[in-house]
Amino acid sequence: NSDELVGLFAMSIYWRDFIKDILPEGSDGINVVFGSECNPSFTYEINGPKVVFLGTGAQHDNKYENMAISSMVNDLRDFAIKNSTYSGIPINNDYCPFQVQIFPSDKMWQEYTTSDRILFPIMVVVIFAFTSAVFITYDWHVSRRQKKLVQTALDKTFNCNLLEKIVQERTCKLEKMNKKLEEANKSVLQSARAQLQHFACMSHEIRTPLNSVIGYASLMVDTDLD
């Protein structure tokens, strides 16, 4: 008879083997509950790479019920963890499928929340105030430096304008002095020409009677006086 049962093969799998060594050190206090409708539930606590069995049933704190993250185990095969013990054989999801639920715990709450609620806001305010003071001081120094640069540029511009004005005034004075010198030079040349012409006329007027005197004197010297 081909339908006769000739043997039974059974294998026990611990849920903790699926969830150990998946989180780094410091990730403590994560409660994981495995359960189905026709099987008992099992609760584990993940503390980094280590897993602790808390017992059968849902052992998580009920105050974190609204923070649960749940999924069917069969749906997690697409997110298989590297080096996990799952062999890849399809899981039968038709009969009593298992569901996994993840809850935080008081240990996790204490690790990720501060015990002093005032200290953290004070630190944030102090850091913000210090950062603001640094930026304000930097902005003040930059503004002061820019004002100095602008004032220096204005002073240089004013000095250049003043120097240009002085140069223009001196140039105007020199041009006037040169004009006066040219006029004086022309006057001196005219006076010199007039004096030379006067001396020439006087020389002609004096030379004519002198020639007469010299001539008569020569005649008198050459003539015997009786």
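**His-60, the sheet and its aromatic pairs**

Good morning. I shall begin with His-60, which sits in the loop that connects strand S3 (50–56) with strand S4 (69–72). Please bear in mind that this is a predicted model.

Is His-60 buried or exposed? Its relative accessibility is 9%, and because the cut-off for buried is under 20%, His-60 counts as buried. The side chain of His-60 forms a polar contact with the side chain of Glu-65, at 2.7 Å. Once the neighbours within four places in sequence are set aside, His-60 is in contact with Asn-31, Val-33, Thr-43, Glu-65 and Phe-103.

Let me turn to the sheet. Five strands make up an open sheet, in the order S3-S2-S1-S5-S4, with antiparallel pairing. S3 and S4 are the edge strands; each has a single partner strand, so one side of each has no neighbour in the sheet. From one strand to the next, the twist averages 20 degrees.

In the hairpin of S2 and S3, two residues lie between the strands, and Gly-48 adopts a positive phi near 70 degrees. Ser-71, for example, has Val-100 in S5 as its bridge partner.

I come now to the aromatic residues. How many aromatic pairs does a search of the whole structure find? The search finds three. In one of them, the ring centres of Tyr-44 and Phe-53 are 5.2 Å apart and the planes stand at 55 degrees, so this pair is tilted. Tyr-44 also stands opposite Phe-53 of S3. Tyr-44 is buried, with a relative accessible area of 4%, whereas Phe-53 is partly exposed, at 43%.

Another pair consists of Tyr-64 and Trp-109, whose ring centres are 6.4 Å apart with planes at 40 degrees, so this pair is likewise classed as tilted. Tyr-64 belongs to the loop between S3 and S4, while Trp-109 belongs to helix H2 (residues 106–112); the pair therefore ties together parts 45 residues apart in sequence. Tyr-64 counts as buried at 5% relative accessibility, and Trp-109 is partly exposed, with a relative accessible area of 46%.

Finally, ring pairs join Phe-34, Tyr-44 and Phe-53 into a cluster. Thank you for your attention.

Note on methods
Residues numbered from 1 in each chain as written. Predicted model: local features only at pLDDT ≥ 70, side-chain atom pairs only at ≥ 80, totals over all residues. Heavy atoms only, no water. Helix = DSSP H or I, 4+ residues; strand = E, 2+ residues; numbered from the N terminus. Buried < 20%, exposed > 50% of the residue type's maximum accessible area, 1.4 Å probe, protein only. Polar contact = N/O pair within 3.5 Å; in protein donor to acceptor, adjacent residues only side chain to side chain. Contact = heavy atoms within 4.5 Å. Pairing = 2+ DSSP bridges. Axes fitted to C-alpha atoms, helices over the stretch in contact; angles between N-to-C directions. Phe/Tyr/Trp six-rings, centres within 6.5 Å; stacked < 30°, edge-to-face > 60°.
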